[in-house]
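Me: I would like to learn how to read a protein structure, one feature at a time. Could we work through an example together?

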Amino acid sequence: MKPSPTRRQFLVTLGRVLGITALAGVAARVCLGGRADAEFIQPPHRYGWQINPEACTYCGLCETACVRGPSAVKAVNDQKKCSNCVACYGHLCDLKTPSALIATTTKLVCPHGAVQRNHFFGGLDGAYLYSIDADRCTGCAQCAKQCNAHGSKSMFLVIRPDLCLGCNECAIARACPSHAVERVPLYPIDDFRGEYMPEVT
Ligand code: SF4
Ligand code: SF4
Ligand code: SF4
């Protein structure tokens, strides 16, 4: 028996509705399903926060703005750029201090005595190696400020990846007046651990 025109029309409409529904389901799986899966794909590397030394003005906020105490920010000295001066702007308050008295003076830029001065050629006026004792450094930026204002710009601040808690939004980035703290790709944390402060002998 042939379906009546009304019944045939109903079946055609039902077929169209089911067809459209099926197509919409496939489209949703492709579009929405693909996007949802992508959220759970492990990124190729972690992200972390780091200070752009070109933008930092050494305002000192890094010491107190970090949620960690002491701050995850530490000063470092790039040995390839350092001039190894007898008297260092990042170390001494008074550059006219006689060289024989530098080792014993208490007028130092770092309030915590974290800037270390060591001979590496020997001799009173030989070359000097300046490094930062990270255990004492609070990230106040005073040494880097002086070095960048008057010296060879070899001192700067870093957020130590092995100390940073990796906050979703870095409190220093929020506070920094120079927008110097950026979210950057971070390679496996073991690559950084212990690499900052080579022992000076
Ligand atoms: S808050 Fe910004 S400008 Fe100030 S020391 Fe830290 S990174 Fe540099
Ligand atoms: S002056 Fe400040 S930033 Fe530099 S080593 Fe001392 S505590 Fe660290
Ligand atoms: S991400 Fe958090 S722990 Fe790391 S430097 Fe910023 S405020 Fe400090």
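Me: Which residues does Cys143 touch, not counting residues up to four places away in sequence?

Reply: This is a predicted model, so every contact here is computed from it. Two residues are in contact if their C-beta atoms lie within 7 Å. By that test Cys143 touches Ala75, Gly90, Val109, Cys110, Val115 and Met155.

Me: Where do such nonpolar residues usually go?

Reply: In soluble globular proteins, nonpolar side chains tend to be buried together. In this model the largest nonpolar core has 39 residues, and Cys143, Ala144, Leu157 and Ile172 touch the most other members. At least two residues of this core come from each of β1, β2, β4 (128-132), α4 and β5. The largest share is that of β5, with five residues.

Me: Which residues of α4 are buried?

Reply: A residue is buried if 20 or more other C-beta atoms lie within 10 Å of its own. In α4 the buried residues are Gln142, Cys143, Ala144, Lys145, Gln146, Cys147 and Asn148. Helix α4 covers residues 142-150, and seven of its nine residues are buried, so the helix is mostly covered. Its buried residues pack against β2, β3 (115-119) and β5 (155-159).

Me: How many helices and strands does the protein have?

Reply: There are five helices and six strands. Read from the N terminus, they follow the order α-β-α-β-α-β-β-α-β-α-β. Of the 201 residues, 28% count as buried. Among contacts with a separation of 6 or more, 74% are between residues 24 or more positions apart.

Me: Which residues come nearest to ligand 2?

Reply: Ligand 2 has 14 residues around it, of which Cys110, Ala114, Cys137, Cys140 and Cys143 come nearest.

Me: What do the shells around ligand 1 and ligand 3 consist of?

Reply: Around ligand 1 there are 15 residues, and Cys56, Cys59, Leu61, Cys62 and Cys176 come nearest. Its shell has 12 nonpolar, three polar and no charged residues. Around ligand 3 there are 13 residues, with Cys66, Cys164, Leu165, Cys167 and Cys170 nearest. Here the division is 11 nonpolar, one polar and one charged.

Me: What should I look for in the backbone?

Reply: Most residues other than glycine have a negative phi, and most peptide bonds are trans. Exceptions can be picked out in this model. Tyr58 has a phi near 55°, a positive value in a residue other than glycine. His179 has a positive phi as well, near 50°. The peptide bond from Gly69 to Pro70 is cis, with omega near 0°. Pro70 sits in the loop between α2 (62-65) and β2 (73-77).

Me: Is Tyr58 buried or exposed?

Reply: Tyr58 is buried, because 23 other C-beta atoms lie within 10 Å. Its place is in the loop between β1 (46-51) and α2.

Me: Is His179 buried or exposed?

Reply: His179 is exposed, because it has 10 other C-beta atoms within 10 Å. This residue lies in the loop between α5 (171-175) and β6 (181-186).

Me: Which residues is Phe120 in contact with, on the same terms?

Reply: Phe120 is in contact with Ala127 and Leu129, leaving aside its neighbours within four places in sequence. This residue lies in the loop between β3 and β4. Phe120 is exposed, because it has 12 other C-beta atoms within 10 Å. From Phe120 to Tyr130 the separation is 10 residues in sequence and 9.9 Å in space, C-alpha to C-alpha.

Notes. Residues numbered from 1 in each chain as written. Chains lettered and ligands numbered in written order. Predicted model: local features only at pLDDT ≥ 70, side-chain atom pairs only at ≥ 80, totals over all residues. Near = placed C-beta within 6 Å. Nonpolar A, V, L, I, M, F, W, Y, C, P; charged D, E, K, R; others polar. Helix = DSSP H or I, 4+ residues; strand = E, 2+ residues; numbered from the N terminus. Core = buried A, V, L, I, M, F, W, Y, C linked by C-beta atoms within 7 Å.
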